[in-house]
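Okay, everyone, let's get started.

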Amino acid sequence: QEAGLHSLGHEGFFLFSSLDTDRDLFLSPEEFKPIVEKLTVTTTLCPPGISPPSEFEEEFSPDPNAETLTLEARFQPLLMDSMTKSKDGFLGVSHRSLNGLRSWTAPAISSAVYSASQFRAFLPPKNKLDIGDPWWIIPSELNIFTGYLSNNRYHPPPPRGKEVIIQSLLSMFHPRPFIKTRFAAQGAVACIRAASDFYYDIAFRIHAEFQLNEVPDFPFWFTPGQFTGNIVLAKDSSHVREFHLYVPNDRSLNVDMEWLYGASESSNMEVDIGFLPQMELEAMGPSIPSFVQDENGNVIDSRNAGGEPIQFVFEEIHWQQVISWEEAARRLEITLYPFKKAGNACPLCPQVSYLPFAEAFDRAKAEKKLVHSILLWGALDDQRALPLPPAGSGRTLRETVLESSPVLALLNQSFVSSWSLVKELEELQTDSQRPDVGQLASLHLEKYNFPVEMMVCLPNGTVVHHINANYFLDETSMKPEEPEGTMFSFTEGFEDPSTATYIRFLKEGMEKAKEYLEQ
């Protein structure tokens, strides 16, 4: 152990130990697998640990004899006064930049009829039939090696395989949906929430965005935090009982927007965030046969003698295996955002839960821990994560240090974690019904600088240590020999600079907390 500590340094040895599950000071191929998955690109560029669906390339042709399903689109446009730039009357924002946003006031298609067989794209692959076991409907094609997709585009690429139905559904809202987002977390995931003899209730989450502008206006990207929902369908996809897809509106901000002021990737970009009251698709009823036959197999009129449509009676579904919607949503979230779980081979790293703001401080008091708090303009666990070029601070954090096994282990050992939107803390700050929570919010906002501030806090809300994400990223982008005289230093040995620096930040916060506790 002493030789390993000398060779690897403290953080490097900490990482080694988190992978060495049998404590024999030797990493077997299986124990080294998480590192391999981080450093290699599979042929499908699918996220580590998740197998791409083997039928991804399969083209789905609607069955003309299949049952049909009618979907209705509901849409309420973005509230312009929810945008940050509305506070100064959009001063400096080109009116033409917002053309597409201002003109989008209704769904492109209010109602559409689909074949039930088209929804077989939502069925699980044969190796994902356990309740709550996630799979990729559309696998991600982004990772730390591929970077981000171009901002300077107007028209989505032609869909293939399972992408076809997803693009068709989202086209009911707007004619130019991009089902492969420019940045991670990309793709669509699903899991079985409930199962009966003949049916599945499948929960899904889709990350997609829309291009609202057309030439000659420069691109304007509209990125909802997520699309989520569920589908109840027969195991052979012959019948769809329910379908619901929507953008959650339970937080004060749920859409990210970016627009260019030029025709190249290096052009200036504006960013903002806002609130979309409603964007959803819902089946108007179960799928019904395209034609009706009598007991002898003869086609009969689908309307009765009075001219009314024949009413169908559907059997009740008796679910035999069920998990809650909350649990299904949590598993999908972890699949898209690995920073919310530990490494596969790390016994020291149980899942890190990010609690609501006030709950985090209550938990910290009860467990006598510090609070690790991240305050953002955007969100940490959906697509509102501060897309500042070339990569958003929130996105970079969740794809690097917050996914690191040593960081996860330290957070679980000594901290209660939370992330919050600036706007939500501003609202809590003035909440006369909860003055204690308002005081906690005020202490946070005093230390906040755009776009992301990471903080170490006492259970009473005192911020003992904090660092801005942009400064943190600048520090970790330097070579180890460069940052002389900076707040952080790098230890010797094999370690990721960002991981080592974040651990050092947390440990410095713990040291400063001791001083406060002693006083």
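Before anything else, one term: a residue counts as buried when its relative accessible area is under 20%, and as exposed when that area is over 50%, with partly exposed in between. Keep in mind too that what you see is a predicted model.

Is Ser418 buried or exposed? Its relative accessible area is 1%, so Ser418 is buried. You'll find Ser418 in strand E19. What does its side chain reach? That would be the backbone oxygen of Leu355, at 2.8 Å.

Now let's zoom out for a moment. The chain has 519 residues, and 53% of them are buried. In terms of elements, there are 12 helices and 21 strands. The accessible surface of the chain is about 23800 Å², and carbon and sulfur atoms account for 52% of that. Here's another number I like: take the contacts between residues at least 6 apart in sequence, and 71% of them join residues at least 24 apart.

Back to E19, then, and the sheet around it. In what order do the strands run? The order is E17-E19-E18-E20-E21, five strands in an open sheet with mixed pairing. At the edges sit E17, residues 354-355, and E21, each of which pairs on one side only. E17 pairs with E19, residues 415-421, in the parallel sense, over two bridges. If you want a spot to look for on screen, find Tyr354, which stands opposite Ser417 in E19.

Helices pack on this sheet as well. Helix H8, residues 405-414, touches E17, E18 and E19, and its direction makes about 105 degrees with that of E19. Then there's helix H6, residues 357-367, lying across E17, E18, E19 and E20. H6 runs at about 165 degrees to E19.

His466 is in E21, residues 463-468. How does it compare with our cut-offs? Its relative accessible area is 30%, so His466 is partly exposed. The side chains of His466 and Glu453 are joined by a polar contact of 2.8 Å. Also have a look at Met455: in sequence, Met455 and His466 are 11 residues apart, but their C-alpha atoms are 4.2 Å apart in space. Beyond its neighbours within four places in sequence, His466 is in contact with Lys447, Glu453, Met454, Met455 and Phe505.

Okay, next sheet. This one is also open and has five strands, in the order E4-E7-E8-E11-E12, and its pairing is antiparallel. The edge strands here are E4, residues 177-178, and E12, residues 269-274, each pairing on one side only. Starting from the E4 end, E4 and E7, residues 209-211, pair in the antiparallel sense over two bridges. Pro177 stands opposite Phe210 in E7. At the E12 end, E11, residues 255-260, and E12 pair in the antiparallel sense over six bridges. There, Trp259 has Glu270 in E12 as its bridge partner. How many of the six residues of E12 are buried? Five are, so to speak, under cover: E12 is mostly covered.

H4 covers residues 163-170, and six of its eight residues are buried, so H4 is largely enclosed by the rest of the structure. Those buried residues are Glu163, Ile165, Ile166, Gln167, Leu169 and Leu170.

H5, residues 325-336, has 12 residues and reaches 17 Å from its first C-alpha to its last, close to the expected 16 Å. Its buried residues are Ala328, Leu332, Glu333, Ile334, Thr335 and Leu336. What do they pack against? Three strands: E3, residues 135-138, E5, residues 187-195, and E6, residues 199-207.

Last stop, and a loop this time. Ser117 is in the loop between E2, residues 111-115, and E3. With a relative accessible area of 7%, Ser117 is buried. Its side chain and that of Ser115 are joined by a polar contact of 2.7 Å.

Terms used: Residues numbered from 1 in each chain as written. Predicted model: local features only at pLDDT ≥ 70, side-chain atom pairs only at ≥ 80, totals over all residues. Heavy atoms only, no water. Buried < 20%, exposed > 50% of the residue type's maximum accessible area, 1.4 Å probe, protein only. Helix = DSSP H or I, 4+ residues; strand = E, 2+ residues; numbered from the N terminus. Contact = heavy atoms within 4.5 Å. Areas by Shrake-Rupley, 256 points an atom, 1.4 Å probe, with all protein chains shown as cover. Polar contact = N/O pair within 3.5 Å; in protein donor to acceptor, adjacent residues only side chain to side chain. Pairing = 2+ DSSP bridges. Axes fitted to C-alpha atoms, helices over the stretch in contact; angles between N-to-C directions. Expected span 1.5 Å × (residues − 1).
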